[in-house]
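Subject: Structure for you to look at

Hello,

Here is the structure I said I would pass on. My notes on the packing and the surface follow below.

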Amino acid sequence: MFPIADKVHFVIGSMCATIAFIYLTYKIFMLTVKKETKMKQIIRIYFEVVAKILLIVGGIYSIYLTIGYIENPERRTDIAHFKNLIIDEEIYERIQELSSYIKEQSENGKKVYVLDATAATYQIPAEKYNKNYDMFNRGNLGGKGQNGILADIENTDNLLLLIRKDTYKKNWQHPFALTDYIVENYKKIGEINIFDIYEK
């Protein structure tokens, strides 16, 4: 999803590791060779020059990658709170569709819970926050766990629940028992993108 950013991180990380390795090798050599000899002076100059060249080349390459990032057509500027992130077209369209749906339903008096690990991806641009739901994984469901979530859902009116379709893989920490219960006991009223829509 973020290939250019990954390259920048790799270059900077590699550059730091390489310079650290050269510096340590240089220090070990200087400590090992006690006498100040012509060879020791040549080695010292060699290590200093190599380190400076690596620093300059790494800096120039980082600038090149940063310019590529800035000019990348997948760098988004129109998603609230996600400005300047590189997001591929399919995910971008999904965010736009779902965040618009969440806003629209909210204006119609409905509350939307996305029962998926990616919930925050759609809720944040819609400027909504649902505690215990926006990182919908086991261990993030509040003190009462799945039972607390189910009780909350049962006691909330005008609620729409979005559950990832079976054809799409769910996160390994997904609370399957909870979403299976909803699928079996609630009414499916439609679909949007990769989600089925349920209501009580």
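Ile45, Val49, Ile53 and Val57 form a nonpolar patch on the surface, and together they have about 350 Å² of accessible area. Patches are made of residues with over 30% relative accessible area and no salt bridge, with nonpolar side chains joined within 5 Å; a salt bridge is a Lys or Arg side-chain nitrogen within 4 Å of an Asp or Glu carboxyl oxygen. Areas come from the Shrake-Rupley method with a 1.4 Å probe. Ile53 belongs to helix α2 (residues 38–71) and is partly exposed, at 48% relative accessible area (buried is under 20%, exposed over 50%, partly exposed in between).

This is a predicted model: local features need pLDDT of at least 70 and side-chain atom pairs count only at pLDDT 80 or more, while totals for chains, interfaces and linings use all residues. Residues are numbered from 1 along each chain as its sequence is written, and side-chain values use heavy atoms, leaving out hydrogens and water.

In helix α5 (residues 145–154), the residues Gly145, Ile149 and Ile153 are buried. They sit on the same side of α5, because they cover an arc of only 85 degrees around the axis, taken from the directions from the helix axis to the C-beta atoms. The buried residues of α5 pack against β1, β2 and α6 (176–185). Helices (H or I, at least four residues) and strands (E, at least two) are DSSP runs, numbered from the N terminus.

Ile192 touches Glu97, Leu98, Tyr101, Leu162 and Ile197, leaving aside residues up to four places away in sequence; contact means heavy atoms within 4.5 Å.

Regards

Definitions and conventions: Patch = residues over 30% accessible without salt bridge, like charges linked within 9 Å, V, L, I, M, F, W, Y side chains within 5 Å. Buried < 20%, exposed > 50% of the residue type's maximum accessible area, 1.4 Å probe, protein only.
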